[in-house]
Every structure is written in C-alpha cells, then in structure tokens.
Amino acid sequence: MTELLKWSDRRFQFGHTVDYIPFFVERLRATAPRLDEMTVLVPEDIMEVREHDKWSVKEHIGHLSDIELLHDKRLEDLRAGRELTPADPDNKATVAAHHNQYPISELVYHFRQVRDNFLKQVEHFSPADLERKAMHPRLGQVLSLADMLYFIAEHDNHHLTAIATFLRKHYA
C-alpha cells in the first residue's frame with residue numbers, strides 16, 4: 001500500500017449547495033462511533049506508539065478534538081461574513097496537549113462532546129446563514145457552509161484512514 005497523502009497535499013471539489021448539508025452532517029456524526037469501533041479492543045500502549053515521527057492514534061483523536069475550536073470559530077466567521085480563521089499549520093495545540101497521557105475512552109468521549117456541540121450550532125443556522133460563504137485562507141477559495149462541512153468530513157476521514165492504516169499494521 002502507498003504512503004498516505006499529506007493533508008496539505010489533498011485536493012477538494014467544492015461548490016456544494018445547501019441540499020448537501022444533511023449528508024455531510026451525517027458523515028460528521030459518524031466520526032465518533034467510528035473512532036469507538038476502531039479502538040475499543042486495542043491496548044492503550046499500542047495507541048500511544050509514534051512511528052516515523054507521525055502522530056499516535058491518541059494524538060490523531062486528540063487533534064480532531066483540538067481542531068473543533070477552529071471549526072467553531074469558522075462558523076462564527078461564516079455568519080459574520082469575514083474570512084475564515086486560518087488553521088495553525090504547526091498544530092501547536094495538539095503538540096502541547098500530550099494526548100498520549102489520557103485513556104482512549106476519555107479522548108473519544110471528549111471528541112464526541114465537542115463534535116456534538118459543533119453540529120448543534122450548525123443545526124441552528126438560519127436559512128440565510130445556510131447560504132453564506134467565506135474565503136478559506138489556505139485554499140484561497142470561497143466556501144459555503146456545505147463546503148465547510150464537506151472539508152471537515154474529509155479531514156475526519158484523513159485521520160480515520162491514518163488510524164486504520166496504523167492499526168492494521170500494528171494490531172491486526
């Protein structure tokens with residue numbers, strides 16, 4: 001199997017309409033249960049292994065929680081009609097959090113909480129807010145709410161794939 005593409009090298013197809021929002025919301029809702037399923041029988045020490053200076057399973061999951069703060073800010077940006085808050089390319093929050101010191105069940109539970117909070121915010125968007133668009137700073141492209149949700153779902157899937165690839169290799 002080939003090496004996974006770096007997130008920053010991935011390419012995306014935008015231009016999604018409001019009609020796609022329910023589909024992307026369901027993808028986002030499914031991430032926490034998928035994390036549960038992937039990790040429930042795996043020993044904690046396996047999920048703390050860093051290979052080739054890549055994040056451990058726990059760090060991937062912690063990162064998904066950490067970045068929810070950015071997603072929340074971007075919802076505010078979208079509503080306010082301003083450029084989307086840029087991501088931290090160095091992921092300082094994830095590095096500083098030392099996610100390996102926490103039990104996997106706590107990491108998944110925390111992710112579920114912050115993701116549920118994010119989705120509740122999306123569900124309370126007015127019809128006018130659903131149509132708003134804003135510039136994504138790194139991509140240099142205007143995104144709708146549907147595009148944002150798609151982008152987040154792709155980000156989730158990127159990390160789910162990295163976790164699954166690691167676990168197949170080290171715990172199959």
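Trainee: How do the axes of α2 and α7 cross, and within what distance do they come?
Mentor: This is a predicted model, and in it the axes of helix α2 (residues 31-39) and helix α7 (residues 145-170) come within 11 Å. They cross at roughly 5 degrees. Angles under 35 degrees count as roughly parallel, so α2 is roughly parallel to α7.

Trainee: Nice. Which residues make that contact?
Mentor: From α2 you have T31, R34, L35 and M38. On the α7 side they meet D156, N157, L160, I163, A164 and L167. Sorted by class, the contact of α2 with α7 has six nonpolar, two polar and two charged residues.

Trainee: And α2 with α3, are they roughly parallel or antiparallel?
Mentor: Their axes come within 12 Å and cross at roughly 170 degrees. Over 145 degrees counts as roughly antiparallel, and α2 and α3 are therefore roughly antiparallel to each other. The crossing of α2 and α3 is left-handed.

Trainee: Who touches whom there?
Mentor: T31, L35 and T39 in α2 meet V57, I61 and L64 in α3. That contact of α2 with α3 divides into four nonpolar residues, two polar and no charged.

Trainee: Let's stay with α3. How does it cross α5?
Mentor: The axes of helix α3 (residues 57-80) and helix α5 (residues 104-123) come within 9 Å, with a crossing angle of roughly 15 degrees. That makes α3 roughly parallel to α5. In handedness, α3 passes α5 in a left-handed crossing.

Trainee: What does α3 bring to that contact, and what does α5 bring?
Mentor: From α3 come K58, I61, L64, S65, E68, H71, D72, L75 and R79. The α5 residues include I104, L107, V108, F111, V114, R115 and F118. By class, the contact of α3 with α5 has ten nonpolar, five polar and five charged residues.

Trainee: Changing topic: how many salt bridges are there?
Mentor: The count comes to 16 salt bridges. One to look at is between the side chains of R29 and E123, at 2.7 Å from N to O.

Trainee: Which parts does the R29 and E123 pair tie together?
Mentor: R29 lies in helix α1 (residues 21-29) and E123 in helix α5, so the pair ties together parts that are 94 residues apart in sequence.

Trainee: Last one. What does the UniProt annotation cover?
Mentor: The unreviewed UniProt entry has a "domain: DinB-like" annotation for residues 29-161. In the model that span is 61% helix and 6% strand, and its end C-alpha atoms lie 17 Å apart.

Conventions
Residues are numbered from 1 along each chain as its sequence is written. This is a predicted model: local features need pLDDT of at least 70, side-chain atom pairs count only at pLDDT 80 or more; totals for chains, interfaces and linings use all residues. Side-chain values use heavy atoms; hydrogens and water are left out. UniProt positions are given in the numbering used here, feature names are shortened, and annotations may be inferred rather than shown by experiment. Helices (H or I, at least four residues) and strands (E, at least two) are DSSP runs, numbered from the N terminus. Axes are lines fitted to C-alpha atoms, for helices over the stretch in contact, and angles run from 0 to 180 degrees between N-to-C directions. Angles under 35 degrees count as roughly parallel, over 145 as roughly antiparallel, 65 to 115 as roughly perpendicular and the rest as oblique. A crossing is left-handed if the near helix is turned anticlockwise from the far one by less than a right angle, and right-handed if clockwise. Contact means heavy atoms within 4.5 Å. Ala, Val, Leu, Ile, Met, Phe, Trp, Tyr, Cys and Pro count as nonpolar, Asp, Glu, Lys and Arg as charged, and the others, Gly among them, as polar. A salt bridge is a side-chain nitrogen of Lys or Arg within 4 Å of a carboxyl oxygen of Asp or Glu.
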